[in-house]
Amino acid sequence: MKQLFALVLFINFTVKAQDYSSVDTKVMRYPAYSSAQHLANKINADFTNDADKIRAAFRWLTHNIRYDLKEYYTPTSKQIRFKYSNEADKLLKLQQLKDQVVDDMFSSRKSVCEGYAQSFKKICDLLKIEAVVIKGYARNTTGEIGIIPTASNHAWNAVKIGLEWKLVDATWAAGYAINNQWKKHFTEYYFYPKPSELLRTHFPDAPNWQLVNKSISKKSFANQPIIGQGFFSKNLQLISPNTGIIHSKPTKFLIKNLTKNHVIGYLFKGQKYGKRALAIIENGTGSFSIDLTGKKNSELYLFIDSEIALEYKIK
């Protein structure tokens, strides 16, 4: 048992300490491959360990595949029905449908989340690395706070490296939508985010893929504030308020690991210009207050070092 514990700690350390700059540099020079097999062959030829191969697959997808906003807003996919003779035949035909999603993405070099997730798994399959597609609900707008999800709207992945499952979301790492346009912008955060942090925005249909010791309910997920990667990338921890719906009155905010060098700004929905909040730092925790009086039914956006960090509904 002690040996296994030490091994897991070692794997954790090496995953987090890994410098992928050389992998990224090499993959950036890859052409736009027309099939997952061709890409997997190249990755196998260039890299010898699973950690580098996983990174190469992830980075190629985020660099070469554009998010298909048109398909997102006006889906063309239709419900597909098929007959099967037994369970094995059913699984075979389902895999053929998934492979078609991957083939379509590689030929068009664009897709929605399903294409990113199925393609990442397919490449890992070809590399003999265990991976799964996770279906669930993702949220990133203040309007979704307090609304319990009723259906899946997103897909991401878990990949096994050593003895540990790690989470990745190639879709969110590849870029983002702004003013109905997709902007390519790589976000490192979505490669191996902490499971407890990703649960702020991603809720898997299967509770076991939360990858936390104590799973949370849909209601708890829905009632959280929206927390951006700009918050977690600074190694900050929200102490309070921990609920996404706050009241129209003076409110105190507590954030662990906040320092005097962090610049805090805030803005209410509909405002063009924000204000600065001054934090008091004591024992590694920063506190500041914002007067929400008269802001009922509005929204509060908090920025740290000019990056969106926290979003709340005001009731």
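**Helices and sheets**

Analyst: Happy to! Helix α3 (residues 36-46) packs against helix α4 (residues 50-64) at an angle of about 140°, and their axes are 10 Å apart. Helices (H or I, at least four residues) and strands (E, at least two) are DSSP runs, numbered from the N terminus. Axes are lines fitted to C-alpha atoms, for helices over the stretch in contact, and angles run from 0 to 180 degrees between N-to-C directions. The model is predicted: local features need pLDDT of at least 70 and side-chain atom pairs count only at pLDDT 80 or more, while totals for chains, interfaces and linings use all residues. Residues are numbered from 1 along each chain as its sequence is written, and side-chain values use heavy atoms, with hydrogens and water left out.

User: Which term describes how α3 and α4 lie to each other?

Analyst: Angles under 35 degrees count as roughly parallel, over 145 as roughly antiparallel, 65 to 115 as roughly perpendicular and the rest as oblique. The angle here is about 140°, so the two helices, α3 and α4, are oblique.

User: Which residues of α4 does α3 meet?

Analyst: Contact means heavy atoms within 4.5 Å. From α3, the residues taking part are Leu39, Ile43 and Asn44. Their counterparts in α4 are Lys53, Ala56, Ala57 and Trp60.

User: What is the bridge partner of Gly136 in β4?

Analyst: Strand β3 (residues 131-138) and strand β4 (residues 154-161) run antiparallel and are joined by six bridges. In β4, Gly136 is partnered by His154.

User: How many bridges join β12 to β16?

Analyst: Another open sheet of four strands, again with antiparallel pairing, has the order β10-β12-β16-β15. Strand β12 (residues 250-256) and strand β16 (residues 285-291) run antiparallel, and Pro250 has Asp291 as its bridge partner in β16. The number of bridges joining β12 to β16 is seven.

Definitions and conventions. Two strands pair if DSSP finds at least two bridges between them.
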